[in-house]
Amino acid sequence: MSEPLLKLEGVHTHIGAYHILHGVDLQVAQGELTVLLGRNGAGKTTTLRTIMGLWQASQGTIHFEGTDIAAKPTPEIAQSGIAYVPENMGIFSDLTVAENFILAARGSRRIEDMDAERLEWVFGLFPAMKRFWQHPAGLLSGGQKQMLAVARAIVEPRKLLLIDEPSKGLAPAIIQNMIVAFRELKRTDTTILLVEQNFNFARQLGDQVAVMDGGRVVHAGTMADLAGDEALQQSLLGLSLAAHQ
Amino acid sequence: MTTPSETAAVQAPEALPVVHPDRLPLLLVPALALLALPFVGSFSTWVTLTFAGLAMGMIIFIIASGLTLVFGLMDVLNFGHGVFITLGAFMATSVLGLMTAWTVSGSLLLNLVAVLAAMLVAMTVAGGVGVAYERLIIRPVYGQPLKQILITMGGMIVGEELIKVIWGPQARPLLLPTAFQGSILMGDAAVEKYRIIAVILGLLVFAAMTWVLSRTKAGLLIRAGVQDREMVESLGYRIRRLFIGVFIVGSALAGLGGVMWGLYQQSVIPQLGSQVNVLLFIVIIIGGMGSVTGCFIGALLVGLLGNYTGFLAPKVALFSNILLMVIVLLWRPEGLFSLGKK
């Protein structure tokens, strides 16, 4: 088996006096979509923030492409090819959609410098971005902001996308269309680590799944296995897919 | 690359909510000026006072613009900003002292060269000291507001004492070059030439800052960093470097403002910075912490109000700026332009 793109081993994270992650072990394989599931407070968001260096791991290693990035500063981690879409979307609301894109395209100083073909591909996935190109991002609806957050993360090719609860607070129709966009991303072999609480959303996208509880990964396997085992869902997540549908 | 048109694209509602640009604060400056006219009575006096207020406001803006960006980017409250003002002003006394022959000559060109040289030296020295100040005083206390207040106030005191050691504790004259002296008559109103120059220079600095912030990638990063610095870092940019750059530019602008303030008052004292400091914080609070446009409007309001009340009711002038701040904050608790900071 080839080396995973991202590998966390025994990662602990403290935030002030609080011990949040208690030895997280997690692997994300190249070209796959791995879903991180778990209840509120299980440590999913903290895991993503620790990978990005926004909170420093107090113990353990985080290997990305074989290099330990646990002690690296956030900008360096981002420059190594990891894009992050936080739970609050991280949209710069006073800037236009276009300006949000330019900031995400590190290699470009102006719109004209951006890869036009790539931009058209992103617009194909998220047509609202083209329509509202010159509008302040703060005026977009919640769903449009989420699209902008994801679109911004893929405006240049990245090796790994970390996406925190993209379906949160979105209308079912928008969620369904977001699933379509993620499937398109999967077709381009983009590696994604997706944090979700919406199991139905996760089930439709995930290749692999890891379930967190109490700051640890308590289950890791294929999504197909978890989706097909109601008893396992009940024990890990306190729900069954049948009840969720 | 596959074409996503083969798949269903993510649809979104067609229309955005209509939100009108917030122009109300922009009307405050002309509104205040017009409101003062019937109280002042004489139109020519009003013109003179208005130009004096605008000139003072522009100088305050030049000084405070860096301070507001420094706070916006890193939440750093620098109570030592005044030391760069004093430093700039004293550097100007030295440079213009060496170029006295140029400043007293009637040649506009020689006068301009002397003043520009003084401004350039003041900005360079203030910016250079800003590098050391950021490294030694600000950097150890990032994210610790109480310590920031204490240590930057300490930096202000130490800086002021060092200036006394170098230039002495007494006031030093900073006379206007010959070509900048005197007034221009606008109808019956006499407007000092230097005040017109200060207004023009202030507008140029504001235009340059607006251009940089809206048309360059560095400016975009500053605006984004003021809103959400964590996200800027997550996009791969080192916000600390950006902050250092802004801090240096802010210090240099404070140095420039010091030269202009000194020339406005025609003398310089070591306590100049600490005296102006209070005004600066009033201005950036009125404008909305981190907003350059808000800082610009706040500075003009403070400059105008100070001059009108100084003429109409000198005792009120002592607290007019505090009163202005209270009124603005009762209307808009986050200042004239809130930045939706995360």
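Residues are numbered from 1 along each chain as its sequence is written, while chains are lettered from A and ligands numbered from 1 in the order in which they are written.

The model scores ipTM 0.92 and pTM 0.86. Confidence in chain B is highest in helix 3 (residues 82-98), at a mean of 96, and lowest in helix 13 (residues 314-317), at 88; helices (H or I, at least four residues) and strands (E, at least two) are DSSP runs numbered from the N terminus. Over residues 2-8 of chain B, pLDDT stays under 50, and the model has 15 contacts beyond four places in sequence for this stretch, a contact being two residues whose C-beta atoms, placed from the backbone, lie within 7 Å. Where pLDDT is low, predicted coordinates should not be read in detail.

Chain A is divided into domain 1 (6-81 + 158-244) and domain 2 (92-156), with bounds from an automatic or database domain assignment, and the C-alpha centres of these two domains lie 24 Å apart. Their contact takes 11 residues from domain 1 and 9 residues from domain 2 of chain A. On the domain 1 side, strand 7 (160-164) and helix 7 (172-187) of chain A each supply at least two residues, and the largest share, 4 residues, comes from helix 7.

In chain A, 6 strands form an open sheet of mixed pairing in the order 6-7-8-3-9-10, where two strands pair if DSSP finds at least two bridges between them. Strand 6 (82-85) and strand 10 (216-222) of chain A are the edge strands, each pairing on one side only. Strand 9 (residues 208-213) and strand 10 of chain A pair in the antiparallel sense over 6 bridges, and A:Gln208 has A:Thr222 in strand 10 as its bridge partner.

In chain B, the axes of helix 2 (residues 43-74) and helix 12 (residues 292-312) come within 7 Å and cross at roughly 145 degrees; axes are lines fitted to C-alpha atoms, for helices over the stretch in contact, and angles run from 0 to 180 degrees between N-to-C directions.

Note on methods. Predicted model: local features only at pLDDT ≥ 70, side-chain atom pairs only at ≥ 80, totals over all residues. pLDDT = per-residue confidence, 0-100.
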